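Reader: I am new to this and would like to learn how to read a structure. Could you take me through it step by step?

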Amino acid sequence: MPIEAAPGTVGNLTPEQEVKLQEFWILLLKVCGINVEHIESNGDAAAPPSPSSQKKQPPPPKRRFTFFGGGGNDTADDAASTKSTNGITNSISSINITDGDDKYGQSKEFQQALTDMKPEEIRLTLWNMVKQDNPDSLLLRFLRARKWDVKKALIMLISTIRWRLQDVKVDNDVMKNGELVALEQSKSSDPAEKKKGEEFLAQMRMGKSFMHGVDKAGRPIVAIRVRLHKPSDQSTDTLDRFTVYTIETARMMLSPPVETACVVFDMSNFSLANMDYHPVKFMIKCFEANYPECLGVVLIHKAPWIFSGIWNIIKGWLDPVVASKINFTKNVQDLEKFIPKDRIYKELEGDEDWEYNYVEPQAGENKTMEDTAKRDELIKERHQLAQELQDVTVEWISASRKKDDEATKAAVEKRTALIEQLRAQYWVLDPYIRATSLYDRLNVLQGGGKVDFYPSEAKVNGTATNGTS
């Protein structure tokens, strides 16, 4: 049976929700230094500038590596674009977000982002973040998380952009370097580097957390074997990095209309020696603040009685929406309510004859990333597509506000085609900017956006091998 788009997602928006999406785009484009004054008065102002007037602007000089080449530069144009954000900054700074929606201090992070980051840098990081996603889907996640309050959603998104670029360095470090760099670090003569690599790979090798299969709703299953965690075995930085790496890799497995994951906490053989509040808090913050609306269901499986007191503490940290997605399962029959028994691997007493085995990184598996000339060519191409999509987004909103049905339809069709081009182009660019992962080696991620959750063959260095277990 085909999976239907959930309410409030692309393809299933009410007219009111579409208006909210358009309002979000306007505010976001303003923060990115793009002139949208002509559509801020319900379309009564002059027509939008032609796409060519924006597309021909040269990209900014490089400052740090991103998909699009770099951050901003201290130029007159950059100063002008910075000035264009003053209005939105002033209007948002006055809103009241002391009502429980600023649990992680994101309003302060938002203001800090506007201070630390130039508009062009925000714009580039936004498009880096989109990857293979429909950008509307990305914005809608933040809108739903903030109950369709556009300004609160903007604060949340911009603070996430800052978190990705400056705090965690998701794209420029975690995903760019991946497992092979960790393997190289583990062989370093520098004790600090060696420890970083060894601790990261230890998480992968033991399968403390991994992705395998899908549940009844077609959601990728992320399994966390809590009994394998010992707080003293790795630093908090390593654990945070492993968590972000796992979440970002799981993102690669989401295919519309599926937008969420099924997370199974396997609590079998759990003891107090496994308890560690730091990764719990970090994971909660990730899903509530930086990866909103990514959880479909959370299954806490075979939790022993000693966990009840711990759970009373943890549930107090949870947003009610997240808490509502958590279910306790005691046996395989309980799991079957969410996952077919033939997709429950035997370790969880299901029928699937599968077990986790880590395939080590292979020398040369990231050789494509060495072709920086081709990478830069693809980045330039993606930059152009993003510019075109920004232009047609402005056209779409302007035509919609003027109630010009013909122009709106034309803009929607053009926009849909560009979004698909951007998605397909990401997968061409992907091997030049993202290190090969376990799931590439297992042939789950097969290139071109194709995902096979139950591959019959693993693939190492382009060679197929039997190896689903």
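Author: Gladly! Let us begin with strands: helices (H or I, at least four residues) and strands (E, at least two) are DSSP runs, numbered from the N terminus. Two strands pair if DSSP finds at least two bridges between them. In this predicted model, methionine 211 stands opposite valine 222 in E2. Residues are numbered from 1 along each chain as its sequence is written. Because this is a predicted model, local features need pLDDT of at least 70 and side-chain atom pairs count only at pLDDT 80 or more, while totals for chains, interfaces and linings use all residues; side-chain values use heavy atoms, with hydrogens and water left out.

Reader: How many bridges join E1 to strand E2?

Author: Four bridges join them, and the two strands run antiparallel. Serine 209 has isoleucine 224 of E2 as its bridge partner. The hairpin formed by E1 and E2 has five residues between the strands, and glycine 218 in the turn shows a positive phi of about 80 degrees.

Reader: What order do the strands of the open sheet have?

Author: The five strands follow the order E1-E2-E3-E4-E5, with mixed pairing. Strand E1 (209-214) and strand E5 (326-329) are at the edges with a single partner strand each, so one side of each has no neighbour in the sheet. On the other pairing of E2, five bridges join E2 to strand E3 (residues 261-266), and these run parallel. There, isoleucine 221 stands opposite cysteine 262 in E3.

Reader: Which residues of E2 lie on one side and which on the other?

Author: The general idea comes first: in a regular strand the side chains alternate between the two faces of the sheet. Next, a term: buried means under 20% relative accessible area, exposed over 50%, and partly exposed in between (1.4 Å probe, protein chains only). In E2, Pro220, Val222 and Ile224 are on one side and Ile221, Ala223 and Arg225 on the other, all buried.

Reader: Which helix lies across E1 and E2?

Author: For angles, axes are lines fitted to C-alpha atoms, for helices over the stretch in contact, and angles run from 0 to 180 degrees between N-to-C directions. Contact means heavy atoms within 4.5 Å. Helix H11 (residues 236-251) lies across both strands, at about 20 degrees to E1.

Reader: Where is serine 437 found, and is serine 437 buried or exposed?

Author: Serine 437 sits in the loop between helix H17 (405-433) and helix H18 (438-441). Its relative accessibility is 1%, so serine 437 counts as buried. Leaving out residues up to four places away in sequence, serine 437 touches Glu179, Tyr245, Thr249 and Leu445. A polar contact is a pair of N or O atoms within 3.5 Å; within protein, one must be able to donate a hydrogen and the other to accept it, and residues adjacent in sequence count only if both atoms are side-chain atoms. The side chains of serine 437 and aspartate 440 make such a contact, at 2.8 Å.

Reader: What is the mean pLDDT of the protein chain?

Author: pLDDT is the predictor's confidence in each residue, from 0 to 100. Its mean for the protein chain is 88, and 84% of the residues reach 70 or more. Over residues 43-77 pLDDT stays under 50, and the model has 79 contacts beyond four places in sequence for them. Residues 461-469 also stay under 50, with 21 such contacts.
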